[in-house]
Amino acid sequence: MTDTRDLRFIVIGAGMAGILSAIKLLEAGRNNLRVYEKAAKVGGTWRENTYPGLTCDVAAHAYTYSFEPNPEWSQYLAPGPEIQQYFERTAKKYGLDDYIRYDREITRCEFKEGQWKLETANGDHDYADVIIAATGVLHRPRFPSLKGLDTFRGALFHSARWDHEVALDDKRIGVIGSGSTGVQIISALSERAQKLTHFQRSAQWIMPVENPAFTEEQKAAFRNDPELLRHMQNEPTYSAAVDRFNHAIANPDSPEMHEIEAWVLQNLEDSVADPVLKEKLRPGYRAACKRLIYSPDYYQAIQRPNVFLETENIECIEENGIRTADGVLHALDVIVLATGFHAHAFMRPMQIVGRNNRSLDDTWAEGPRAYLSISMPDFPNFFMLNGPNGPVGNFSLIEIAEHQWHYIEQLIELIEGGECSHINTSQKAQDTFETARVAAAKQTIFGSGCQSWYLDDKGIPATWPWDRARFFEEMEEPDLQAYDMTC
Ligand code: NA7
């Protein structure tokens with residue numbers, strides 16, 4: 001590293017991407033570093049979500065930092081608590097505790113006199129030459145606007161704010177929402193609840209998946225054979241499936257997408273016996289339009305005698321339960337809101353003010369956007385990981401973040417090496433990119449006619465619209481023509 005300037009780095013957020021950034025900065029000797037974390041622990045979405053049945057739907061060995069393989073994953077798809085422990089362990093191993101300020105929510109970042117000035121909710125002040133915003137995507141719970149939400153006399157909470165004091169065994173439980181979260185909760189509670197009702201507004205396509213435990217022999221082999229462990233991280237069958245899936249997202253009429261459609265259809269046909277229930281579970285849109293759900297056991301769970309699928313609209317919540325539009329009151333002890341997240345908040349509600357007093361709120365008045373989801377005009381030396389319109393789908397966001405880091409690091413080197421003191425994408429580059437992105441996004445499967453958290457408020461998929469190979473190519477090396485540099 002040609003270190004000519006000692007830069008101060010601030011990383012915002014100590015979730016998956018913040019931990020990654022801090023490790024990489026320290027590894028390169030950039031220890032003028034502070035990580036601000038709004039909570040008391042690392043882990044991001046894996047800290048926030050503790051609901052029963054929480055499981056990552058990406059293969060455990062793929063949802064792992066490339067530099068920190070984990071021979072101990074217990075299952076093909078890792079349970080949430082294990083992932084949380086992995087992040088805590090990794091942060092500890094790389095000595096991040098010395099750099100993280102916990103319980104410090106950044107409320108304001110303002111670019112003034114060539115530096116970023118930061119404020120926390122506690123009134124602390126700090127400054128940075130470079131900000132890495134690793135603030136995550138799925139962490140601000142979305143509460144439904146249902147009438148009577150605050151009148152319920154039993155226990156009611158969002159899936160990402162699970163109240164572990166509430167008894168579940170032999171209770172009457174209602175779960176609203178049938179995204180990945182709702183589906184996993186139904187599977188987990190189906191054997192515990194006296195009566196479990198799944199309130200489904202839209203049906204979901206479900207991909208079957210097996211989730212075998214790794215045996216002690218397998219784990220010992222992973223421990224003793226680093227090559228084997230590395231092979232697991234890039235396991236060829238899994239990688240090929242991810243590539244096929246990505247090709248299908250970008251090309252809804254491809255044979256790969258027809259293959260996915262055939263699988264999920266077959267799963268429904270084979271798994272659900274009752275024709276009435278089968279029709280209720282049949283989505284009226286194409287597979288993978290909403291984020292595809294991988295579940296080994298939802299269809300079995302929903303067919304248990306104590307489990308009911310309710311497809312009538314919810315009229316309101318009352319003190320004793322949920323009333324549906326047909327007038328029926330579903331008496332309940334517990335209501336779980338598995339109603340998703342404000343996925344387009346990104347760094348907000350932080351106040352971020354860039355060059356020329358330009359606020360992020362104004363910049364994003366038409367929706368969040370950024371060049372390659374990393375940099376924005378007027379926000380010098382401000383880089384995002386898993387920022388707006390990046391790759392999303394059924395694959396590892398850790399791998400995506402590592403490629404983004406590789407790219408960001410090259411921008412940092414320019415500043416450090418004295419090529420410039422400030423760098424951000426140009427307005428022209430961002431506009432050109434955004435125009436092409438939107439045109440392509442409309443053609444993806446996500447834009448094929450369904451409602452999902454992938455869509456922005458105009459109904460356009462807020463995602464990377466091309467395949468992964470193109471993304472990885474872009475992340476290889478920044479095209480400096482797309483950047484404004486000042487000295
Ligand atoms: P999602 O995938 O956003 O799912 C939210 C679910 O909640 C979805 O089924 C919604 O129905 C339903 N919902 C939302 N508001 C209401 C109201 N008012 N009434 C009834 N139903 C409602 O969130 P998840 O937490 O499951 O998953 C988020 C991501 O986390 C997931 O994709 C993985 O990446 C991990 P809708 O389909 O809109 O009709």
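Is Arg468 buried or exposed in this structure? I will start there, with the reminder that what we are looking at is a predicted model, and the answer is that Arg468 is buried, because its relative accessible area is 7%, and a residue counts as buried under 20%. Its partner tells another story: Arg468 forms a salt bridge with Asp243, with the closest N and O atoms 3.3 Å apart, and Asp243, at 41% relative accessibility, counts as partly exposed. If you trace the chain between them, you will find that this pair links distant parts of it, since Arg468 sits in helix H14, residues 468–476, while Asp243 sits in helix H7, residues 236–250, and the two are 225 residues apart.

Let me stay with charged pairs for a moment. As a general point, side chains of opposite charge can pair when their charged atoms come close. A search of the whole structure finds 31 salt bridges, and I will pick out a few. In one of them, the side chains of Asp126 and Arg8 meet with an N to O distance of 2.9 Å. Here too distant parts of the chain are linked, with Asp126 in strand E6, residues 125–128, and Arg8 in the segment before strand E1, 118 residues away. Asp126 is buried, with a relative accessible area of 14%, and Arg8, at 10%, counts as buried as well.

In another pair, the side chains of Glu110 and Arg108 meet in a salt bridge at 2.9 Å, again N to O. Glu110 is buried at 16% relative accessible area, whereas Arg108, at 26%, counts as partly exposed. There is also a network of salt bridges, which links Glu37, Arg47, Glu48 and Arg161.

The largest nonpolar core has 118 residues, and Phe87 and Phe383 are the members that touch the most others. The helix that gives the most to this core is H12, residues 397–416, which supplies 10 residues. If you look at Phe87 and set aside its neighbours within four places in sequence, you will see that Phe87 is in contact with Met16, Ile19, Val42, Gly43, Trp46, Tyr63, Tyr65 and Ile398. Apart from this core lies another one, of 24 residues, and among them are Tyr36, Trp116, Leu118 and Trp364.

Why can we call helix H4 largely enclosed by the rest of the structure? The reason is that eight of the 10 residues of H4, which spans residues 180–189, are buried. The buried ones are Thr181, Gly182, Val183, Gln184, Ile185, Ile186, Ser187 and Leu189.

Of the 17 residues around the ligand, Ser178, Thr181, Ser202, Lys290 and Arg291 come nearest.

Key. Residues numbered from 1 in each chain as written. Predicted model: local features only at pLDDT ≥ 70, side-chain atom pairs only at ≥ 80, totals over all residues. Heavy atoms only, no water. Core = buried A, V, L, I, M, F, W, Y, C linked by side-chain atoms within 4.5 Å. Buried < 20%, exposed > 50% of the residue type's maximum accessible area, 1.4 Å probe, protein only. Helix = DSSP H or I, 4+ residues; strand = E, 2+ residues; numbered from the N terminus. Contact = heavy atoms within 4.5 Å. Salt bridge = Lys/Arg side-chain N within 4 Å of Asp/Glu carboxyl O. Near = heavy atom within 4 Å.
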